[in-house]
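Thanks for coming. Please have the viewer open while I talk.

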Amino acid sequence: MEQRGYVQRLKERPKITVVSILFMLHVVVRAQIHYSISEEQQDGAAVGNIGKDLGIDQRTLKERGFRIVSTSGESLFSVNQNDGVLYVNGKIDREEVCERITPCLVNLKIALGDPLEIHYVTIEILDINDHAPSFPESEMHLEIGESALPGARFQLQAARDYDSGSNSVNHYKLSHSDHFRLEVKDRGQHGKIPILILQKPLDREMTQTINLQLTAVDGGKPAKSGTIEITVNVLDINDNVPIFTKDVYSVMLNENAPVGTIVIQVNATDSDEGTNGEIVYSFSKNVNDYERKLFDINPINGEITVKGHLDYEVKDSYEIDLQASDKGLIPTTTDKSVTVKIVDLNDNAPEIEVTSFSNTIPEDSRPGTTVALISVSDMDSGLNGKVSCSVGDDMPFKLMPSSQDNTYSLVSISTLDRETKLQYDITLVARDAGHPSLSSVKTITVLISDVNDNSPEFSFSPYAFYVVENNVPGKSLFSVSASDKDSNENAVISYQIWRDGSDRNKLPSFFNINSENGEIYALKSFDFETVKTLHFQVLATDSGSPSLSSNVTVNVFILDQNDNVPVILYPVSANGSAEGVEEIPRNVNAGHLVTKVRAYDADIGYNGWLLFSLQEVSDHSLCSLDRYTGQIRTLRSFTETDEAQQKLVILVKDNGNVSLSATATVIVKVVEPKEAFAASDVKNPVKDEEENNVTFYLIITLGSVSVLFIISIIVLIVMQCSKSTDYSSKYLQDTNYDGTLCHSIQYRSGDKRYMLVGPRMSIGSTLAPGSNRNTLVIPDRRRRDSGEVRISA
């Protein structure tokens, strides 16, 4: 375009305005002239004829000192005093003159003398598309996990174009890719931001690297462009990206906020574990240097703080791009924008004052009890100074407004229970009515004092303990324990054994209890053969006023020890020693019953199970002893050479862990047949009948004992199953069962027959006097003439 034609068109444009003003003693003509010129004009290019446009005679310009006297860009232009033409002084670059200011205007002040005239010239430098878009870096690397889902967004670096208006960046183009597409986010004055969107899942095993080319195109004619190479590395680990807890982060911030003020705290979570789930926060690469001078971000907790001076008049809002990245070996990143709006009002927060406060109230306080008096104030005025106060939710307290403004009473609204919660941290929130609203928070702690409203509770009910007989009197046997949900004196428990003072309940007098710790001592040594079970009650009482108490039943089971020596019942001599003499005919055959040693043991079970053995014998080939029944029989017939008198010493011992024993001596005298009657060789039907009757009764007795034993075991198992498993024991017995392996020995003495049994007795049997409760008297239907004893085991 020819410069002259351009100047001529400028003359015809309606933008040129001439204003004449008379000023003081001289005639001063002021005129405002507007020219437009494209940048990059050559040195000396004409802008316009100022003298002609002002209607000044060109011949007087030099005489009147036509000149530029003041300008914001004086070095850019010069005037010719001969013809009044304004020329370009050097090459003009709009980007250097105005940077990003639009429109780009240069103001000149033109002066003439005699008379003095001041004229103003405004020159608009028009932009031409002389810059191509460019990226901050020539290439960019993206690391994307193969687990990324379609729709995942990856913000790319935006291109810069120093031109303005339509000559700046207009759009972006992405090279063809099956996996990605491009989306452009228009940020207004911040330009257009390219965003890479995944539209097809990645598979690292098929494609490890994807090369893309992003092209930024401006709106000039012809258009110019710039490119950046994007390399996408597909990763196959750390497949969970950080996720921000909010979709939108926006905050209002007062201007002149002190350095270090927390603007907002963003929070992102990562479902990965270890370092893959640890989040690091940072600004995005699109955050410019100016914004980085104003704000800072804590990489650990995501707190954004004020770093520089904020001025509402400079800028009223900021949109800060953030990134949340994990610490995985192959980190993943999520972008998020935080909008910060700057406000210049309501910069005083409300104040909370607790004027009266009872920090402890009893748990039995009625609803409506006043806990504290609260007053709130705000130094601001109007709506900004109007304050409301509230407490947190799920609290048994509420605020009641009083007659005075901004004064509240904190009262209880429900019953309190110290055992459920012993203190409440009440958060008071005061908030003004400004926009945005400011608030203050104050926490007060209310302690709930205890009242004695809980009785002691035993650990178990009932208690069951097992004590071995012959215990040491005064030694601790066991203990009971109770607890109280109350506190202090209300939870101090003392123990005592309940004694009603009646003669029928003397069992508790056998025990004593430590009132402080519940340990129970025996005042006497127990004998299983005398008593097998004991029952009493323990009373636990707290120290409250009034005191509360509870009781529990204690069942004590006495366990047997092998503490009784076997007692020889036969033979017994006249002086009480275990020695007897038996006479037998010489002509008896082998197997003849000589006699039977009878004994019993007051213990039960294995402790009362007796075994017989020969401790001393004159001739081992003559007699034998049954180890279970105690029967002595001949092994062979007597000969003429055998001694007429044989001595047998029999050892009787029980089966206890520490076996106890007794001995009996039997003297066997061999006499001629005519001097003795071999009762064992006599066969009569009466004897057989009696033996059959005895056998019948023995079968009934043993059957009854077995049935009762089985029933007792079943009942005991049912009872123990209904109790706590902590008290299960190997001694599965009821109060009447002592665990004896039952056996019986029958013998005759005078008109009565006796049967030695264990602790179980047949129904209908009677105790023989002096038998220590282990001998049953069996009714005899027919008197036996013989002194033979039948033994059953």
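Predicted model: local features only at pLDDT ≥ 70, side-chain atom pairs only at ≥ 80, totals over all residues.

The protein has 793 residues, and 43% of them count as buried. Its secondary structure consists of 5 helices and 55 strands. If we take contacts between residues at least 6 apart in sequence, 65% of them join residues at least 24 apart.

Here is one place to look at that kind of thing in detail. Find E229, in strand β16, which covers residues 225-235. Is E229 buried, partly exposed or exposed? It is partly exposed, because its relative accessibility is 36% and that class runs between 20% and 50%. Setting aside residues up to four places away in sequence, E229 touches S138, E139, M140, L212 and Q213. With Q213 there is also a polar contact between the side chains, at 2.8 Å. Now look at E137, which is 92 residues from E229 along the chain; the two C-alpha atoms are separated by 9.0 Å.

Q155 sits in strand β11, residues 153-155. Its relative accessibility is 17%, so Q155 counts as buried; the cut-off for that is under 20%. Which side chain does the side chain of Q155 make a polar contact with? The partner is D321, at 3.5 Å.

Strands β11 and β25, the latter being residues 333-343, are the elements that give two or more residues to its lining. The largest share, 5 residues, comes from β25. In total 20 residues line this pocket, and those nearest its centre are G151, A152, R153, T334 and D335. By type, the lining divides into 8 nonpolar, 7 polar and 5 charged residues.

I243 is 92 residues away from D335 along the chain, and their C-alpha atoms are separated by 9.3 Å. I243 belongs to strand β17, residues 243-244. I243 is exposed, because its relative accessible area is 53% and the cut-off is over 50%. Apart from neighbours within four places in sequence, I243 is in contact with N267, A268 and T269.

Last, the backbone. Most residues other than glycine have a negative phi, and most peptide bonds are trans. Where are some exceptions? A cis peptide bond joins D114 and P115, with omega about -5°. P115 is in the loop between β8 and β9. Another cis peptide bond joins Y570 and P571, with omega about 5°, and P571 lies in the loop between β43 and β44.

For phi, look at two asparagines. N406 has a positive phi, near 60°, and lies in the loop between β30 and β31. With a relative accessible area of 29%, N406 is partly exposed. N488 has a positive phi of about 55°, and its place is in the loop between β37 and β38. N488 counts as exposed, at 65% relative accessibility.

That is the end of the tour.

Notes: Residues numbered from 1 in each chain as written. Heavy atoms only, no water. Helix = DSSP H or I, 4+ residues; strand = E, 2+ residues; numbered from the N terminus. Buried < 20%, exposed > 50% of the residue type's maximum accessible area, 1.4 Å probe, protein only. Contact = heavy atoms within 4.5 Å. Polar contact = N/O pair within 3.5 Å; in protein donor to acceptor, adjacent residues only side chain to side chain. 1 Å grid on protein atoms, 1.4 Å probe; cavity = no way out; pocket = protein on both sides within 12 Å on 5 of 7 lines; lining within 4 Å. Nonpolar A, V, L, I, M, F, W, Y, C, P; charged D, E, K, R; others polar.
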